[in-house]
Amino acid sequence: MSDIFFNGKFVGEVEAANTNSFIDQVKDKRRKGEFPAELSIRNDKEKDLMLMTTEIGRALRPLIVVKNGMSLLNKEHIQLLKENKLTFKDLIKQGVIEYLDAAEEDNALIAAKEEDLTPEHSHLEIASIAMLGLITALIPFGNYDSSSRLNRGSKTQKQALGLYSAAYPIRLDTDVSILHYPQKPLVRSFIYDAVPFYPAGQNMVVAIMPFQGYNVEDAIIMNKASIERGLGRGTYFRPYNATELHYTGGLRDSITIPEKDVSGYKTEESYRHLEEDGIAYPEARLSGGEVIIGKTSPPKFLSDMGEISIAKARKENSATIRQEEGGTVDTVFITVDNEGNRIIRVKVRDQRIPEIGDKFSTPHGQKGVLGLVASENEMPFSSSGIRPDIMFNPHGIPSRMTVGYLLELLAGKVASLRGKVVDGTSFAKRNTEDLEKQLQEMGFRADGKETFYDGITGKPLQAKIYVGNIYYLRLKYMVANKIHARGFGKVTLLTRQPVEGRNKGGALRLGEMEKDAIVGHGASLLLKERYDSDSVVVHICEKCGSFAVIDKIRNRELCSLCGNTKVEPIEVSYAFKLFMEELMSMHIFPHLILKNKYE
Ligand SMILES: [Zn+2]
């Protein structure tokens with residue numbers, strides 16, 4: 001007997017001899033439309049269970065039903081589909097195509113191609129590319145890459161700069177960028193044309209070669225002249241907000257240039273971009289810490305007012321440009337919320353030209369940071385005078401096995417020379433010999449290699465260089481959003497250790513592993529300095545080891561616990577002192593046993 005579960009509940013049993021006919025009946029009813037198309041049935045032979053489910057949240061995918069080794073989808077269906085007399089939905093109604101979830105797929109034998117069909121097969125893929133997700137299916141020659149690289153590739157495609165929305169000038173999105181000159185890929189999957197995507201990359205001339213050691217460890221080298229012509233150029237947007245709130249008692253915020261007697265007044269310099277309405281004017285160039293929307297708020301507590309008038313007790317509450325950021329005022333939006341409070345939103349833009357450390361990637365998961373912006377005259381060139389936009393290190397190929405990258409390079413070369421798009425749909429039937437033949441016809445070597453000349457000496461390079469076109473993506477991780485340094489700055493009140501986070505002007509964390517590296521180098525003075533940020537001198541009683549009191553008025557040192565007057569100054573971290581006090585708050589008495597290190 002097999003137990004039958006429906007949506008997690010036990011509903012009945014079926015005799016072992018009848019399990020197969022039971023499953024067939026369920027499937028038959030589903031194909032006839034008597035049961036919902038989303039119903040899936042799984043026979044767990046090991047646990048002797050029959051699991052049926054219609055629950056939400058399962059990924060279902062369409063497959064062609066196979067009976068006795070024959071696909072139910074025949075030539076007539078295809079002809080009717082071409083004539084628009086039949087739709088995909090009709091095929092589902094007719095039971096030609098059905099949706100399977102991951103559980104039912106375990107009991108199915110799915111053929112990738114029609115030629116592979118045997119009587120054992122239960123389903124046939126509609127197209128081999130259907131086994132990939134929408135984004136992964138965009139990767140040209142994806143079936144030549146290893147699966148882990150495809151995963152990475154589809155992740156990087158989601159981080160690529162492009163045109164995220166045609167309405168971007170009137171939208172207020174946080175942390176977005178656009179690419180200035182997005183291009184459609186020269187080598188692309190048919191999905192790219194079937195689904196309306198905005199382009200999110202550029203076709204670049206790539207030479208697979210090292211260059212002065214600046215492209216080790218996945219780094220890439222870019223041509224300075226290409227960057228100056230607009231390659232990879234983008235704009236970063238960030239909105240700043242201020243709301244004019246109404247408080248009880250008729251008090252309210254005011255958007256204005258703050259008066260000099262307002263508490264917390266910054267320097268006059270900080271407000272220089274504000275117009276009479278208290279908002280920075282469009283096209284004003286602001287840098288970090290400068291005021292973009294001037295605002296004053298009434299005092300929070302009446303006691304704050306004290307003797308002085310309310311007007312004088314107002315507080316500075318302006319919106320300022322983030323630390324280590326800057327930009328030009330792009331658009332100013334003024335509106336009113338449901339409660340009648342005035343809302344000001346100012347969008348700031350900042351042009352982002354590719355610089356060392358910016359991240360670039362291809363859809364094949366070949367990502368890397370910009371290691372050098374090489375001047376064009378130093379770059380190697382081909383006999384026809386082509387200088388590459390990007391130089392990619394050949395060591396990045398063998399271990400990653402991204403053959404699709406190499407094929408795209410070759411196909412891209414053909415596409416750019418012919419001025420025609422090359423189809424790179426994964427699993428599509430093609431022969432690379434045709435690409436090679438086309439290259440030969442145009443007077444190039446069939447293998448895509450060319451003689452290159454050293455840009456500095458002008459002598460030909462010994463090795464032939466593999467060169468072609470690849471669709472490169474600029475990723476949203478830019479140095480300008482990450483760069484951070486600090487010599488000194490704010491500390492937290494509780495622990496006296498430096499604050500965390502770039503936007504607060506925090507320190508850079510020197511963690512456990514970084515500590516190990518410094519220990520390994522024997523740089524003890526550096527180590528001491530780094531861990532000295534919250535150092536404090538405490539006085540410890542020599543007798544009982546507890547904290548002693550330094551009474552500066554009576555000029556004496558005293559242990560308030562045992563009355564001893566012999567105390568020693570000890571240097572510890574403030575966080576350690578805090579820890580001791582926290583232990584004391586839990587009725588644990590920690591004490592320091594002092595020892596003279598010279599004895
Ligand atoms: Zn004591």
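I looked up how strand 1 (residues 2–6) and strand 4 (residues 49–53) are joined: four bridges link them, and they run parallel. Two strands count as paired if DSSP finds at least two bridges between them. Helices (H or I, at least four residues) and strands (E, at least two) are DSSP runs, numbered from the N terminus. I noted that Ile4 stands opposite Met50 in strand 4.

The model is predicted: local features need pLDDT of at least 70, side-chain atom pairs count only at pLDDT 80 or more, and totals for chains, interfaces and linings use all residues. Residues are numbered from 1 along each chain as its sequence is written.

I next traced the whole sheet, which is open, has four strands in the order 2-1-4-3 and is mixed in its pairing. Strand 2 (9–14) and strand 3 (40–44) are at the edges with a single partner strand each, so one side of each has no neighbour in the sheet.

I then turned to helix 9 (residues 432–441), where I found Leu435, Gln438 and Leu439 buried. A residue is buried if 20 or more other C-beta atoms, placed from the backbone, lie within 10 Å of its own, exposed if 12 or fewer, and partly exposed in between. Viewed down the axis of helix 9, the buried residues fall within an arc of 100°, so they line one face; the arc is that of the directions from the helix axis to the C-beta atoms. On the face turned away from the buried side I found the exposed residues Glu433, Asp434, Lys437, Gln440 and Glu441. Just after helix 9, I recorded a positive phi of about 85° at Gly443.
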